[in-house]
Amino acid sequence: MGLSNLPSVDEVINDPEIMRLINYYTRAVVVGAIRRELDIARRILSQKESTLTRPEIKQQTVKAVCSRLLELEKGSLKEVINATGVILHTNLGRAVLSERAAEAVKKAALSYTNLEIDLIKGERGSRYSHVEPLLTALLDCEAALVVNNNAAAVLLALNTLAAGKKVIVSRGQLVEIGGSFRIPEIMKMSGARLVEVGTTNKTYLRDYEEAIDEETALLLSVHTSNFRIIGFSQEVPLNELSMLGIRRGIPVMHDLGSGTMLDITSYGLGYEPTVKSCLAGGADIVTFSGDKLLGGPQSGIIAGRKKYIDMMKKNHLLRALRVDKLTIAGLEATLAEYIKNRPQEALPVYRMLAADKESLLNKAQQLAGQIRTAASERGIELAIEVHPVQDMVGGGAVPAETLPGYGVTVIAQRGPEEIAFRLRTGEPAVLPRIQNQSLIFHVRTLLPGQEEKVVMALVNALEGIVA
Ligand SMILES: *Cc1c(COP(=O)(O)O)cnc(C)c1O
């Protein structure tokens with residue numbers, strides 16, 4: 001037996017089912033899939049005795065090829081229901097866009113646009129001219145530039161302003177921010193030289209002052225985002241740093257990260273500097289993400305003084321960091337919400353932030369009720385409770401704080417990992433939190449209409465496990 005029963009590629013290709021596939025998919029891809037599946041079968045057959053006949057192996061191969069091609073066609077990026085309570089979850093793609101932004105992206109995708117053409121002059125234009133008027137109006141600054149993400153924004157700014165020169169940074173701000181963004185690494189890539197001053201917990205203005213020499217090109221302050229030193233610590237406020245910059249003729253840049261446009265203390269959260277306050281506080285350049293608290297698509301925004309931003313626009317590195325029309329469309333539509341009176345009503349990120357305890361309790365009780373009903377209809381016995389939970393903003397904003405919310409706790413008789421696995425691999429995928437023996441579905445981050453999908457996913461996942 002063994003390998004002698006392995007069908008040839010040609011035998012598999014002539015199977016009627018495969019012939020149908022070749023009608024639908026390109027031949028080369030189908031043949032490639034057959035080769036891969038036969039390789040797998042060969043490895044298995046050479047490792048252990050098999051009683052399978054040649055037609056049986058062929059049939060299995062045909063089945064495997066079909067499902068491999070279906071998976072390929074479906075692609076791997078898919079909808080995930082976020083029941084973790086973390087509003088800006090980097091692994092889940094951060095901000096959910098507003099309706100208006102989603103429509104703008106779709107419209108730009110399905111048509112040609114004036115991306116790089118000046119329609120009035122009939123001449124070549126710049127893709128960077130589109131979002132800039134909105135940003136300068138909102139932030140009351142001279143100029144702005146949008147790139148691929150905030151890491152790119154920092155890289156471009158450092159490379160433009162300080163390549164081959166020195167950049168002074170406090171030791172307390174040399175942090176790594178989620179997704180392996182490290183200031184020292186970015187600095188190295190930019191060609192600028194990092195000069196560390198102060199200590200991990202305390203840095204004074206005189207530390208910067210004493211480090212300045214004729215090679216110093218930039219004073220950089222970094223929002224430590226998801227990291228906080230509490231207790232005996234001190235950093236130099238941005239306005240004091242900018243006074244020093246003015247005195248010594250050195251620009252000051254602030255890497256703000258989250259890009260908060262609104263005061264979030266009204267949501268019961270601690271103070272998080274807004275982009276505008278950083279610019280008003282004297283930063284010559286502020287960099288931030290478009291997909292954190294700003295609530296837009298992945299992008300990095302550089303705002304501040306025209307003379308520095310003009311230099312960045314001329315830097316050839318910008319070509320490698322440039323944004324496409326879809327990002328521009330989504331970001332413009334997101335920013336357009338901010339020039340209106342109640343931006344928080346249109347942006348999902350802010351709707352989630354603003355959800356009050358009563359409405360969350362209501363939502364959790366409703367979800368729990370729906371799960372109970374659906375479970376009992378299928379004869380599944382379950383322990384379900386509604387509990388207060390701690391939600392989080394995520395994206396590096398107010399890391400030490402939580403938002404009081406509610407969740408539905410499902411206590412599983414058997415380990416929750418199996419259920420969580422089924423939820424993750426279902427359609428759509430559902431991501432709750434796991435704690436001890438329970439699955440907790442935080443309701444704050446569920447989007448309108450997703451409750452029913454969670455109920456279906458959960459009872460489907462439980463079927464055959466609990467009963
Ligand atoms: C998130 C963050 C970054 C990285 O931004 P991306 O948009 O993820 O590239 C850089 N600096 C700070 C302070 C951040 O919070």
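In the predicted model, the ligand is surrounded by R94, N149, N150, A151, I177, F181, H223, S225, D255, G257, S289 and K292, each with a heavy atom within 4 Å of the ligand. Polar contacts, taken as pairs of N or O atoms within 3.5 Å, include one of 2.6 Å between a polar side-chain atom of D255 and a nitrogen atom of the ligand. An oxygen atom of the ligand lies 2.7 Å from an N or O atom in the side chain of K292, and an oxygen atom of the ligand is 3.0 Å from a polar backbone atom of N150. The protein buries 95% of the 390 Å² that the ligand exposes when taken alone (Shrake-Rupley method, 1.4 Å probe).

Residues are numbered from 1 along each chain as its sequence is written. Because the model is predicted, local features need pLDDT of at least 70 and side-chain atom pairs count only at pLDDT 80 or more, whereas totals for chains, interfaces and linings use all residues, and side-chain values use heavy atoms, with hydrogens and water left out.

In helix α12 (residues 306–314; a DSSP run of H or I, at least four residues), Y308, I309 and M312 are buried, that is, under 20% relative accessible area with a 1.4 Å probe and protein chains only. These buried residues fall within an arc of 95 degrees seen down the axis of α12, so they line one face of the helix, the arc being that of the directions from the helix axis to the C-beta atoms. K307 and K314, on the other side of α12, are exposed (over 50%).

How values were computed: Helix = DSSP H or I, 4+ residues; strand = E, 2+ residues; numbered from the N terminus. Polar contact = N/O pair within 3.5 Å; in protein donor to acceptor, adjacent residues only side chain to side chain.
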